[in-house]
Amino acid sequence: VRLTRVATIPIRTAADLVQTPYTDRTIARTNTWSWKKGRTVFELVAPGGDTYVMQSYAQIKDPTLTIGRLRSLGRRLKLPTGWRYRSRRLRDALTLSAVGSATITQDELQNTYQLATTTRPHGRRVRHAVHLSGQTRSIAKPATPGTIEDHGTIFGAGFGPGTVELVATLKDGRGTGTFRLVFPRGSVSGTFSMPFTISGGEIDFLGTAKLTAGTGAFRGVTSANLRAHDHNTLNGQNGRLSLDGFATY
């Protein structure tokens, strides 16, 4: 059987094997996608205006999915806060190239999209102080069984006012998980690891968090460990959280 290597994805840790929806991945690939004038394309629009064009749809999770059903796909997707799905008819031909690497993302049905446009200007990245504080409440039905999912608002230096969603797993006295912050100019996502203590009907988390990706004005954001603190009642309805440190974007 003759095979052609089309692309490669680096797998450095077990976490890289997990297909996390609406999260950027960089793959090694050189190719060009082309759509003729008048064709319909299907896109994801991230907070801040970055766009991803669907390069393939999948029948892995939904064997009944067809190209004719893609126009209404947005009604089925569980899009993160601030994300949009749209279809549009091209007024001009569209060419989407990758030279050496491409940034892609997938939705929860494993349809794949390639990053097409970004709104952040090219140029030198700047180090910013980060002092964020917020309020959260746990939701009754987390998207991932066995986790705790908190939603709320956040505000502070470096980013401005926005919303926060975090998903945590509690095990062996430590909370670990992921978070997504959405602001008017874009979004930021990251990971956290925080040991916790319980006393007097309240739970206190104190550890570190790291910013790993962004969209819009915060595309390419990075950080060293940020000081992360989250204090809540055991029913999860009175969360107070903070992030402090520095980020570059």
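Tyr 22 counts as buried because its relative accessibility is 5%, where buried means under 20% relative accessible area, exposed over 50% and partly exposed in between, with a 1.4 Å probe and protein chains only. This is a predicted model, in which local features need pLDDT of at least 70 and side-chain atom pairs count only at pLDDT 80 or more, while totals for chains, interfaces and linings use all residues. Residues are numbered from 1 along each chain as its sequence is written, and side-chain values use heavy atoms, with hydrogens and water left out.

Tyr 22 sits in the segment before strand E1 (25-27), and its phi is near 60 degrees, a positive value in a residue other than glycine. Asp 172, in the loop between strand E11 (162-171) and strand E12 (174-183), also has a positive phi, near 55 degrees, without being glycine. Asp 172 is exposed, however, because its relative accessible area is 75%.

The protein chain as a whole has 17 strands and zero helices; these are DSSP runs numbered from the N terminus, with helices being H or I of at least four residues and strands E of at least two. Of its 249 residues, 40% count as buried. Among contacts between residues at least 6 apart in sequence, 57% join residues at least 24 apart, a contact meaning heavy atoms within 4.5 Å. The C-alpha atoms fill a box of roughly 65 × 45 × 35 Å along the principal axes.

Strand E16 pairs with strand E14 (residues 202-214) in the antiparallel sense over eight bridges, where two strands pair if DSSP finds at least two bridges between them.
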